[in-house]
Amino acid sequence: MTPEKVLAALRNVQEPDLGQDIVTLNMVKDIVISGNTVSFTVVLTTPACPMKDRIGRDCENAVRSLVNKEAVVRVNFTANTSTNRQDPGSVLPKVKNIIAVISGKGGVGKSTVSANLALALAQSGAKVGLMDADIYGPSVPIMFGVRGERPMMKSMGEGQKGMIVPLERFGIKLMSIGLLVDEKSAVIWRGPMASSAIKQFVTDVYWDELDYLVIDMPPGTGDIHLTLVQTVPVTGAVIVTTPQDVALADAKKAIGMFSQAQIKVPIIGLVENMSYFTPAELPDNKYYIFGKEGGKRLAEEYDLPFLGQIPLVQSIREGGDIGVPIMVSDDMISRKAFEEFAANATRSIAMRNANVSAAKVAEVIE
C-alpha cells in the first residue's frame with residue numbers, strides 16, 4: 001500500500017450530497033500506512049453530517065477492494081463547517097452560517113423549533129449561537145431558564161466600544177431583548193426602534209466564532225425581516241408551519257418574501273411542526289389534529305427541501321415552560337425528530353454553500 005494508491009481508491013468514494021468524490025473535494029488528510037493498517041482523516045463539511053457513517057463504510061470498502069483486501073482501515077473524522085461567505089470584513093466575520101427561522105404567522109412553534117435546532121447542532125459538535133429577534137414577544141429567556149439574568153459587557157480594547165457578551169446555556173450562546181428589559185414591561189416601540197435593536201444584536205454583541213447563528217425571527221413579513229437581510233449576509237431561511245390550511249396560507253407569504261428577486265435569501269427548507277399528537281401512554285399512536293402532511297405538500301408545491309415533521313408532544317411544551325428544552329431531556333422520540341430535522345437542515349446548508357454564490361447582504365428596494 002502507498003498513499004498514492006489509497007488516494008486513487010478514495011476517488012471512488014462520493015460525498016453523497018455534493019456529488020463529487022472526497023479526494024477532489026479535498027476532504028482526505030493525514031494518510032498513514034503501517035504494514036496492513038492504513039489510517040486517514042476525512043474532513044466533513046459539518047460536525048452534524050448525517051452521511052458520516054456511509055462515507056466511512058465506503059472508504060473502507062474502496063481501500064479493501066482496490067488496494068489491499070487484508071487492509072485494516074481506520075477512518076477518522078473531523079469537521080470544517082462549510083460557508084460561502086467571502087466577505088471577512090463585514091459584520092459577524094467569524095460566523096460561518098446565519099440561519100433565519102421564519103413563519104408567516106405566530107403560534108406555529110417557531111421559537112421551539114429554533115431553540116431545539118440550535119441545541120441539536122451544538123450537540124453534534126458545532127459552535128452555535130441563538131439570537132431571539134422577536135422584539136415584542138421574546139421567548140428565549142423562558143425556554144432556556146435564564147429569566148432575570150443579564151448579559152455582561154466586554155471591553156474590546158482602548159478606544160473601542162464595549163460589546164455585550166451573550167449568555168451561555170446548554171452549550172450555546174444566547175441573546176434576547178428579554179435579557180435586557182424587565183419581563184413585565186411591554187416593549188412599545190415603533191418599527192425603526194425595533195429594527196435598531198436588531199442591528200445592535202448583530203453589531204454590538206460579541207458572538208465570536210460560530211459555525212451557525214440561528215435567528216428566531218418574529219412572525220410575519222415586516223421591518224425586522226428587511227432589517228436583518230440588509231444588515232447581515234443570511235445563509236438561508238428555514239420555514240416553519242403546521243399542517244392546517246390557515247397556517248400554510250401564511251407560510252406561502254413567508255416563502256414569497258424570501259424568494260423575491262431583490263432579497264435573494266435562499267430557503268434551506270420547510271419543517272412541519274405539530275404534525276401529529278402522540279400521547280405518552282400510547283407512544284405508537286398518531287392523531288392528526290391539525291391535518292396530515294400539509295407542510296410536506298407545500299414543500300413539494302414550491303420545490304423546497306422538506307426537513308422533517310415534529311410531533312405535538314406534551315413534554316416539548318413542558319420543557320419549554322420550565323427552561324429545559326426537549327433536546328436536553330430524556331424524551332428520545334421528540335429528540336430523534338429534532339435530530340433528523342437538524343441533520344436535513346445541515347445537509348441543505350452544505351449543498352447550498354457548495355452550489356450557490358456567496359451570501360451577500362440583500363439590497364432591498366424600498
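Let's start with a contact: Glu209 and Lys127 form a salt bridge through their side chains, at 3.6 Å from N to O. By salt bridge I mean a side-chain nitrogen of Lys or Arg within 4 Å of a carboxyl oxygen of Asp or Glu. The pair joins distant parts of the chain, 82 residues apart. Glu209 sits in the loop between helix H5 (191–203) and E12, and Lys127 in the loop between H3 and strand E7 (128–132). Helices (H or I, at least four residues) and strands (E, at least two) are DSSP runs, numbered from the N terminus.

A word on the model. This one is predicted, with local features needing pLDDT of at least 70 and side-chain atom pairs counting only at pLDDT 80 or more, while totals for chains, interfaces and linings use all residues. Numbering runs from 1 along each chain as its sequence is written, and side-chain values use heavy atoms, with hydrogens and water left out.

Back to that pair. Glu209 is partly exposed, because its relative accessibility is 42%. Lys127 is partly exposed too, at 47%. The cut-offs: buried is under 20% relative accessible area, exposed is over 50%, and partly exposed is in between (1.4 Å probe, protein chains only).

How many salt bridges does the structure hold? Eleven. One of them pairs Asp216 with Lys110, with the closest N and O atoms 3.0 Å apart. Asp216 is in strand E12 (residues 210–216) and Lys110 is in helix H3, so this bridge ties together parts 106 residues apart in sequence. Are these two residues buried or exposed? Both Asp216 and Lys110 are buried.

Next, Lys252 and Glu301. Their closest N and O atoms are 3.9 Å apart, and they form a salt bridge. This pair also links distant parts: Lys252 in helix H7 (residues 245–259) and Glu301 in helix H8 (residues 294–301), 49 residues apart. Lys252 is partly exposed at 34%. Glu301 counts as exposed, because it reaches 53%. There is a network as well: Arg317, Glu318 and Asp321 are joined by salt bridges that share partners.

Now the spaces. The largest pocket has a volume of about 440 Å³. Its lining has 26 residues, and the closest to the centre are Gly109, Lys110, Thr112, Met143 and Met274. H3, helix H4 (140–143) and H9 each give at least two lining residues. Which element gives the largest share? H9, with five residues. By type, the pocket lining splits into eleven nonpolar, ten polar and five charged. Here Ala, Val, Leu, Ile, Met, Phe, Trp, Tyr, Cys and Pro count as nonpolar, Asp, Glu, Lys and Arg as charged, and the others, Gly among them, as polar.

The whole-structure search finds one cavity of 30 Å³ or more. Thr112, Asn116, Met143, Ile316, Gly320, Pro325 and Ile326 line the largest cavity. Helix H3 (110–123) and helix H9 (314–322) are the elements giving two or more residues to that lining. Four of the lining residues are nonpolar, three are polar and none is charged. The terms: on a 1 Å grid over the protein atoms alone, a cavity is a set of points where a 1.4 Å probe fits but cannot get out; a pocket is an open set with protein on both sides within 12 Å along at least five of seven lines; lining residues have an atom within 4 Å of a point. A volume is the space filled by probe spheres set on the points, which are joined across faces, edges and corners.

Last stop, H9 again. Ile322 lies in that helix. Ile322 is exposed, at 63% relative accessible area.
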